[in-house]
Amino acid sequence: MANIAVIGAGYVGMSLAVLLAKSGHYIHILDIDTSKIKKINLKESPIDEIEVNNIFQDKKLNLKLEAAKPSSKAYKNKDFFIVATPTDFNDGSNFFDTSSVEKVVIDILKHSSKGLIVIKSTVPVGFTNDLNERLGTNRIIFSPEFLREGQAVNDNLHPSRIVVGGNCKDSKLFSKILVGISDTKDPEVLFVSSSEAEAIKLFSNTFLAMRVAFFNELDSFALAKNLHAKKIIDGVSLDPRIGRYYNNPSFGYGGYCLPKDTKQLLSNYSDIPQELIGAIISANETRKDFLVNHIKLNKIKVVGVYRLIMKEKSKNFRGSAVIDLIKKLCDQGISVIIFEPLIDKSEYLGWKICKNLNDFKLQSQLIISNRRTKDLEDVKEKTFTRDIFGVN
Ligand SMILES: NC(=O)c1ccc[n+]([C@@H]2O[C@H](COP(=O)([O-])OP(=O)(O)OC[C@H]3O[C@@H](n4cnc5c(N)ncnc54)[C@H](O)[C@@H]3O)[C@@H](O)[C@H]2O)c1
């Protein structure tokens, strides 16, 4: 069994940490957020993932897992370091802000002379190679993470693929550890260079964004021409090469990863000719502008926004397309009120939060909702959604 430090107790770090501990490894979770550390040491999940709590509460499992702040002591005697800290796209520099990853890696190298450093955070293409060179080491590899929030544990139990990028002597061993935590028999494992692995991550998310943008643009067309979007999408998707999945129109792609990963891939193209990658990003903006113009046709003064989350069971609204839509509505002089039970304040970014659903319905002339919900059954006639299939 290995001694593993997982740095960053978010969706990526926590889901991996509990599954690794479940498999018998010794896990040290390191995070700068003391409230998260407290929770983990009380065996409570610091993120909204039921499966993390289920593993914590399973009395049969004798998890060897503890949390602490990063320190020289915590970095000692580890076989592996899994880095899962945030990397947010910075519009000013046109690149991911990778400072948290770099800081962690520098600290690890300072305090430990052995142990493979595996970056799980999403980083630009070429980043790991460059970091190895800059820091005069060959201990850093990159292994992309493909989980979805809300299903993080399950996605690591049943990985679509395991990608290990970088040629270190322990890369194979690390892949075996990931295979070991999965419930899938013989998951597909790919060994590639770190830059290829970084590209796999960015191209995968950009493809998903492209699919969302495509069906959204189809839906805009149907809305403009007064055609049934569902009939068109059904007819298109019945071609098995296209498929009846991931084709449900929405207000735009969003969430923590797709917006920033598409922008990062575009910036990686810099001097390489491209049309499509940039078009995916602008299509997402055009979609939101189109919807705002459509809503404006109703000559409405107060729009109610049912939830800032984009998916039914989501517990956060990082990168939510709904928020972009609100900003665009406000730019057009339309007032908004928001029903979002995850917010316990009376305002959010200067917008009014209405805590009572009935009052919210009464005060809204039109209600917009990214996804259909039973909550709005009684006000169907004034609800605007583009959710056709009732799936996320
Ligand atoms: N959330 C996803 O669905 C998902 C999926 C695949 C890949 N990723 C990528 O994985 C990375 C992490 O994502 P996440 O959703 O788990 O992030 P998160 O924001 O949920 O969690 C990150 C954690 O890192 C901690 N942290 C920040 N700086 C630190 C430091 N210097 N030392 C120690 N801890 C620090 C934060 O306190 C936080 O607890 C990102 O690069 C993201 O793009 C995320």
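Select helix H8 (residues 194–225) together with H10: they pack at an angle of about 120°, with axes 9 Å apart. Axes here are lines fitted to C-alpha atoms, for helices over the stretch in contact, and angles run from 0 to 180 degrees between N-to-C directions. That angle makes H8 oblique to H10; under 35 degrees counts as roughly parallel, over 145 as roughly antiparallel, 65 to 115 as roughly perpendicular and the rest as oblique. H8 passes H10 in a left-handed crossing (the near helix is turned anticlockwise from the far one by less than a right angle). Helices are DSSP runs of H or I with at least four residues, strands are E runs of at least two, and both are numbered from the N terminus.

The model is predicted: local features need pLDDT of at least 70, side-chain atom pairs count only at pLDDT 80 or more, and totals for chains, interfaces and linings use all residues. Residues are numbered from 1 along each chain as its sequence is written, and side-chain values use heavy atoms, without hydrogens or water.

Next, pick helix H1 (residues 11–22) and helix H3 (residues 50–57). Their axes come within 10 Å and cross at roughly 30°. That makes H1 roughly parallel to H3. This crossing, too, is left-handed.

Now show the sheet. Six strands form an open sheet in the order E13-E14-E12-E11-E15-E16, with mixed pairing. Two strands pair if DSSP finds at least two bridges between them. At the edges are strand E13 (347–348) and strand E16 (383–384), each pairing on one side only. Zoom in on strand E11 (residues 302–306) and strand E12 (residues 335–339): they run parallel, joined by five bridges. Gly 304 stands opposite Ile 337 in E12.

Last stop: helix H10 (258–269), helix H11 (276–296) and helix H12 (321–331). Each gives two or more residues to the lining of the second largest pocket.
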